[in-house]
Structure formats: C-alpha cells, structure tokens
Amino acid sequence: MSEVVYLRIADELRERIADGGLAPGMDVPTEAELAARWNTSRGPVRNALAVLRGEGLIETGRGRPARVVPRKSTQAVDVSIPFTRWAEAIGATPGAVTQQLARRLAGPETARAFGIDERESVVEVLRLRLLDGRPTMVERLVYLGETARALFDHDLDRVSITELLAAHGFPQAEVDHEIDAVAADALDARLLGVAEGSPVLRLHRVSRDASGRTIEVSDDHYRSDIVRFSVASRGRAPRAADGEAYLRSFGG
C-alpha cells in the first residue's frame, strides 16, 4: 500500500510542476503537510520526493523544504540553427548585449586555429546572450578581418551573426563542436551572475566554408543551471513535456 501512496504523491506533485501550480523556485509542501494530506507517514512522502529529485524536478537541502528547480534548456546537437532562431522556434525571446567588437593581432593560439601568421589581424566579438531576459551564455567569437568587415556596419545586439555573414558571402558549410565543462572565469561570473570558479558548460566551435577554410572560432560559455546538452541519434531531437525543458538544435 505504501508503494502505491508514494507513487500517487509523486504523480500529483509532478502534475502541479508541469501545469505551473508549483513554479520554478517555489517550495514544495513540507513532509508534514504532504503526510497529513495523504493520511500517511513520512516514509512514502520521502520516497516520492526522492523520485522527483531523481527526475531533476526538485532539489533538496538540509534544513529547508524541497524546491522546484529552475527550467533548463535542452540543446539537441543538430549543427544547423543559430542561437537566435532556436530561441524563437521554442517560443523564447532571444537577446544579445554586445560587450566588445575589436581588432587585434591573432597571437599564437588564434593563428594556429585559423592557419595564419600570428601578426595578422583578427576581429573579436564578445556578447552576452539572453533567453527571456535571463543571462544565459557568454559568446566569444573570432573572425578573420575580411570575414568580419560587415560586423562593423550593424547593431550586433539585433542580428544573428551567422546569418549576417552568410548574407555577405561567408556561409558556414561545416562546423566542429567540442563540449566540456570549465570553471567560470571573472568575466563569466560578472556577465552570467554566477560565482567565479563555478561550473559552466563550454561549447567550442570551429566553422569552415565550403572550401574548408576556417572562418569562425568561438567559445560559448553557458550557465549550467539553465542549459544542458543532449545528443539525438538518427537525426531525431528529443522532446520534453511543456514547462519542463526547452529543446534546441544548433550548429553551422
């Protein structure tokens, strides 16, 4: 009987989270409140909460009630949709706040990535990307000077750089991705509103044109409490229940 009770408690709480009755950041009813509602002991209640915690719907901490976790964005690797178009496709409002657009000498690391002399000029773009007004990703982009010429003539807070460059004759034909976790540096901490040293998800991209020439090198640092990455096999992106997760395809 207790097994059935804990499953029913979990089902009810899951439904309240899905329909917004328990919104992200809200406290879940206490063990005592749930036990009284279901006329049961705290054992089944704790089992129900453990189920929801395992599903990533709630978080628990010593000395405080369980809490509904913030919504996360699931990014399905597809290599085709820029950040701006992905956000619009899932019904979220994309945003960008450009921090820097500047020319500099390539230096050794950038020169190796592009296969150029380190004394050649490159253009760096630093943008904070937003989802529904929430700081979500710090975007560090590097381009060859000839590729990036058009960037100086546009408001980068209002355009998709991928689409802008394609319209000026620099479409991406191939994109390599590398995904890992890194510690937030001081810049990430300031722009994303996280603690310095906390984990952020890094998406490193190298984009090439049809001839195989590198035209973009980028590092995107995502807040790990907002975005998670998933890889779909056979070209099918995973779907999530409304209110639980965003779904994104991204790439070249």
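When I say contact today, I mean heavy atoms within 4.5 Å. Okay, some housekeeping: this is a predicted model, where local features need pLDDT of at least 70, side-chain atom pairs count only at pLDDT 80 or more, and totals for chains, interfaces and linings use all residues. Residues are numbered from 1 along each chain as its sequence is written, and side-chain values use heavy atoms, with hydrogens and water left out.

Let's start at Thr-110. Thr-110 sits in helix 5; helices (H or I, at least four residues) and strands (E, at least two) are DSSP runs, numbered from the N terminus. Skipping neighbours within four places in sequence, Thr-110 touches Arg-104, Val-122 and Val-142. Thr-110 has a relative accessible area of 14%, so we call it buried (under 20%, with exposed over 50% and partly exposed in between, 1.4 Å probe, protein chains only).

Six strands form an open sheet in the order 4-5-6-9-8-7, paired antiparallel; pairing takes at least two DSSP bridges between two strands. At the edges you'll find strand 4 (94-105) and strand 7 (174-183), each pairing on one side only. Strands 8 (199-208) and 9 (214-223) share nine bridges, and Arg-205 has Ser-218 in strand 9 as its bridge partner.

Last, the cores: sets of buried Ala, Val, Leu, Ile, Met, Phe, Trp, Tyr and Cys residues joined through side-chain atoms within 4.5 Å. The largest nonpolar core has 18 residues, and Leu-13, Val-28, Leu-49 and Ile-58 have the most contacts inside it. Helix 1 gives the largest share, six residues. There's also a second, separate core of 12 residues, including Leu-201 and Phe-229.
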